[in-house]
Amino acid sequence: MWPFVGKSLEMATLFMFAALGELLNQRSGVLNVGLEGLMLFGAASSFITATLTQNILLGFLVGMSVGGAVGFLHGYLSISLRVNQVVSGMAIWILAFGLTTYLANPFTGPLPRGVSSWRIGDLLSPLFFVGVALVFVVWFILSKTHLGLKIRAVGEDPSVAEASGINVVRTRYLCVIVGGVLGGMSGAFLSLTYLGSWSHNPVAGRGWVSLALVFLSMWRPWLLFAGALVFGTIWQFALSPEIILPALGLPLQFYRMIPFAVTIVILVVISTERFRKRWGLAKPAALGLPYVKE
Amino acid sequence: MWTKLEKKRLKLERRLVLTGGDAVKISVFSIIATFVIFGILLIWAGVNPIEAYGEIFSYAYDPRFGLGLTIRSGMFLLFATLAFILPLRAGIWNIGAEGQFYLGTVGAFWVAYTLSDLPSGALIPLMLIVGALCGAGFGAITGYLKGKLNVNEIVLAIMLNNIAYWLIHFLIVGGPWMGTAESVSRPLPVSSWAPMIWEVPSTTFLVLAISVLLYFLLTKFTAGYQIRTLGSSSAAARYAGMSPLKISLFVMAVGGAIAGLAAYHLWAGDPGFHMIPKPQTYKQQGDLTYYGIVCGLLCVLNPLAAIPTAIFISGMTVGSSALVRRLGLGFGIDFTLLGILFLTLAAFQFFYQYRIVRRKKEGDVI
């Protein structure tokens with residue numbers, strides 16, 4: 001039972017990092033549907049680094065830097081070149097899919113002997129608490145600081161923000177790069193800690209679920225935290241249902257569908273008219289729209 | 001950012017209209033840029049790019065080697081491309097071709113297994129129809145939720161794709177369709193195999209016909225006009241009395257049906273299959289449907305231009321996967337090439353809105 005709880009919380013950590021970065025992105029008005037690709041880049045680069053240098057910390061740092069660079073790339077395409085953000089995000093995903101397969105395939109297998117991630121009592125990675133702290137930090141910045149006000153203003157109405165003296169481009173770049181770093185970190189956490197090995201396409205839809213989590217959280221960090229816990233548990237349950245429900249003889253494949261089915265149900269529920277009116281989504285009004293200063 | 005350009009008497013200007021010719025030019029330039037970038041990657045991998053490109057083209061389009069595969073997988077890609085193009089004309093991203101293709105697989109195989117006594121002339125059309133209906137139904141889920149509640153269709157479709165993946169997994173791994181070999185389905189009855197015409201599966205002509213039909217639907221019919229109107233402005237469509245829900249349902253159902261037909265084309269038309277292969281392999285085929293997105297954007301959402309574009313992209317994939325064998329490059333190089341193509345194309349979309357023009361000399365009479 002305890003290993004299950006530990007694994008669930010680690011899965012939640014993974015969702016937390018990725019979705020928190022995306023939330024920051026989206027609050028500034030930039031949609032990055034390439035989150036899955038961002039995680040793939042982070043996972044592959046960190047795993048290759050850790051294998052070659054036998055150094056976990058260096059692996060994490062490289063994964064985060066690569067994530068930041070890919071975030072910057074998305075920023076360059078969508079902020080400076082004003083390309084359709086969905087096209088740019090999809091492109092990053094498709095590129096990640098090919099490039100990480102090509103680069104990391106020779107490294108398929110577990111981490112080298114003696115290289116292993118930190119764990120408290122062999123159960124839970126301390127990065128879980130880093131994740132919780134980050135949720136607090138992002139919440140605090142967004143709702144209590146001047147910077148957070150700027151980010152939200154840029155996401156709501158960039159021309160008004162610009163008129164009141166905020167540098168829209170710089171604020172958005174800041175958010176996409178930090179978002180990229182967090183996405184890369186999530187990927188690194190997946191390959192170095194949660195799995196501790198590399199196999200073809202290890203992210204396997206978690207990036208997409210993280211993206212959905214941002215919508216489900218209605219752009220609020222604490223709801224996102226709760227969502228990450230719920231989805232971490234559901235995903236872990238889908239992987240090893242026998243720990244919780246030994247008696248049900250359903251085929252394994254049905255359990256594997258659960259996280260995706262639950263996502264759909266919640267997406268539909270929060271999109272209903274009634275829910276929107278009642279809870280008033282904090283959806284950034286300028287989400288996905290390129291800003292043209294003309 | 002552009003100050004340097006401006007000093008050089010070149011100026012960036014916002015486009016007011018994007019003509020078809022300009023769009024084609026942008027696509028061609030992004031292909032050229034892709035070859036340059038991929039060439040750098042090849043040099044880094046220790047391969048002479050000229051030699052590598054020679055290998056790619058000579059393998060992919062040579063009837064003795066890859067041409068058959070290029071056409072077969074090109075037509076599969078064309079199904080996926082058309083399934084993507086039509087909804088995007090209405091402003092809806094159909095990322096769900098993978099799931100619709102899986103559902104088409106379920107429909108077609110269900111018919112083949114339960115009605116295997118029927119003669120080919122009845123069995124094959126039935127497989128096509130049921131496969132298309134299953135794909136259409138699956139696509140319609142996204143279309144309905146998008147049109148009715150404005151649910152994010154991309155996330156929704158990816159979730160549905162994963163569910164469909166596990167559905168097939170259930171059917172063939174330990175499920176009712178389990179074959180004699182491990183993790184593959186029972187073989188298709190011989191009567192259900194797609195007849196070959198000029199050494200290509202007859203479904204090739206089906207997808208070519210669909211391309212032409214879609215072209216006429218989009219350009220010559222009221223429905224096409226409504227689709228394009230919704231695509232450019234949902235407010236305009238509503239003011240003109242069109243129903244976004246109906247249009248969104250229609251395009252997603254038709255898109256899903258096309259992706260569903262791809263299943264019969266692939267499994268019954270390719271002599272290498274004639275069954276559902278093990279999960280790793282059918283997933284690989286499902287992943288190919290995502291390249292319909294690249295293909296659709298590259299041919300500027302034109303169903304007729306999609307035909308040569310699909311053959312081109314499929315040639316690139318088939319040719320570069322030959323690099324793995326012939327030049328010893330790593331696995332995944334073909335998908336890397338397509339990824340670079342997609343990213344370059346995304347960057348070049350900048351020129352959909354802007355163009356570089358020569359500045360008039362100061363002494364010029366205006």
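I began with the contact between the chains: 39 residues come from chain A and 39 residues from chain B. I counted two residues as in contact if their C-beta atoms, placed from the backbone, lie within 7 Å. The model is predicted; local features need pLDDT of at least 70, side-chain atom pairs count only at pLDDT 80 or more, and totals for chains, interfaces and linings use all residues. Residues are numbered from 1 along each chain as its sequence is written, and chains are lettered from A and ligands numbered from 1 in the order in which they are written.

I then looked up which element of chain A gives the most to the side touching chain B: helix 4 of chain A, with 13 residues. Helices here are DSSP runs (H or I, at least four residues), numbered from the N terminus. That side of chain A divides into 26 nonpolar, 11 polar and two charged residues. Ala, Val, Leu, Ile, Met, Phe, Trp, Tyr, Cys and Pro count as nonpolar, Asp, Glu, Lys and Arg as charged, and the others, Gly among them, as polar.

Next, helix 7 of chain B. I found 18 of its 20 residues buried, so helix 7 is largely enclosed by the rest of the structure. Buried means 20 or more other C-beta atoms within 10 Å of the residue's own, with C-beta atoms placed from the backbone. Gly174(B) follows helix 7 of chain B, and its phi is positive, near 80°.

Last, I checked the contact of helix 13 of chain B with helix 14 of chain B. Residues making it include Tyr291(B) and Val294(B) of helix 13 and Ala306(B) and Ile313(B) of helix 14. By class, I noted seven nonpolar, two polar and no charged residues.

Methods:
A residue is buried if 20 or more other C-beta atoms lie within 10 Å of its own, exposed if 12 or fewer, and partly exposed in between; C-beta atoms are placed from the backbone. Helices (H or I, at least four residues) and strands (E, at least two) are DSSP runs, numbered from the N terminus.
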